[in-house]
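Visitor: Please show me the model, and then let us discuss how the chain is built.

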Amino acid sequence: MIPSLSVPLSLIGTFAVMWSAGYSLNNLSLMALTIATGFVVDDAIVMIENISRYLERGDSPREAALQGAGQIGFTIISLTVSLVAVLIPCCSCRMWSGGCFGSSPSPWP
């Protein structure tokens, strides 16, 4: 249930930021949305599994959510930031990405 809610909410938020920043949908942004959706689903599943572990131990739902999120929240944030940092250079290489994905004429013969 949580991944089915987190994916549409993250996509709506992403489209809102893209619209306000003036970005358009092209092959590169669609590829980034696909990768980002995978990040959101993966992080949601890891968080749910950790919270479920506390629920099975007998904690209340509120306590399980607080302990589970507190235990791996920093890890999920650091993983996401490191993956975004690895992919940022792709955004600054407009000439390369345009030539590779067919958005603009290729600079290479």
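**Core, pocket and helices**

Guide: In this predicted model, the largest nonpolar core comprises 6 residues, namely Met47, Ile51, Tyr54, Ala64, Ile72 and Ile76. Two or more residues of this core come from each of the elements α2 and α3.

Visitor: Which residues does Ile51 contact, leaving aside its neighbours within four places in sequence?

Guide: Ile51 belongs to helix α2 and is a member of the largest nonpolar core. Its C-alpha is 7.5 Å from that of Gln67, a residue 16 positions apart from Ile51 in sequence. With neighbours within four places set aside, the contacts of Ile51 are Ala64, Ala65, Gly68 and Ala69.

Visitor: Why does Met18 count as buried?

Guide: Met18 lies in helix α1, and its contacts beyond four places in sequence are Tyr23, Ser24, Leu25 and Ser29. Between Met18 and Ser29, 11 residues apart in sequence, the C-alpha to C-alpha distance is 9.4 Å. A residue is classed as buried under 20% relative accessible area. Met18 is buried because its relative accessible area is 13%.

Visitor: What share of the residues of the protein chain counts as buried?

Guide: The accessible surface of the protein chain amounts to about 7800 Å², with 71% belonging to carbon and sulfur atoms. The chain has 109 residues, and the share that counts as buried is 18%.

Visitor: Which element gives the most to the lining of the second largest pocket?

Guide: The second largest pocket has a volume of about 180 Å³. Its lining has 10 residues, and the closest to the pocket centre are Phe39, Val40, Asp43, Ala44 and Ile76. Two or more lining residues come from each of α1 (2-21), α2 (27-57) and α3 (61-92). With 6 residues, the element that gives the most is α2.

Visitor: How many residues of that lining are nonpolar, polar and charged?

Guide: Among the residues closest to the pocket centre are Val40 and Asp43. Val counts as nonpolar and Asp as charged. The lining as a whole divides into 7 nonpolar, 2 polar and 1 charged.

Visitor: What percentage of the contacts with a separation of 6 or more joins residues 24 or more positions apart?

Guide: This share concerns contacts within the protein chain with a separation of 6 or more. Residues 24 or more positions apart account for 47%.

Terms used. Residues are numbered from 1 along each chain as its sequence is written. This is a predicted model: local features need pLDDT of at least 70, side-chain atom pairs count only at pLDDT 80 or more; totals for chains, interfaces and linings use all residues. Side-chain values use heavy atoms; hydrogens and water are left out. Buried means under 20% relative accessible area, exposed over 50%, partly exposed in between (1.4 Å probe, protein chains only). Contact means heavy atoms within 4.5 Å. Accessible areas come from the Shrake-Rupley method with a 1.4 Å probe; for residues, only the protein chains shown count as cover. On a 1 Å grid over the protein atoms alone, a cavity is a set of points where a 1.4 Å probe fits but cannot get out, and a pocket is an open set with protein on both sides within 12 Å along at least five of seven lines; lining residues have an atom within 4 Å of a point. Grid points are joined across faces, edges and corners, and a volume is the space filled by probe spheres set on the points. Helices (H or I, at least four residues) and strands (E, at least two) are DSSP runs, numbered from the N terminus. A nonpolar core is a set of buried Ala, Val, Leu, Ile, Met, Phe, Trp, Tyr and Cys residues joined through side-chain atoms within 4.5 Å.
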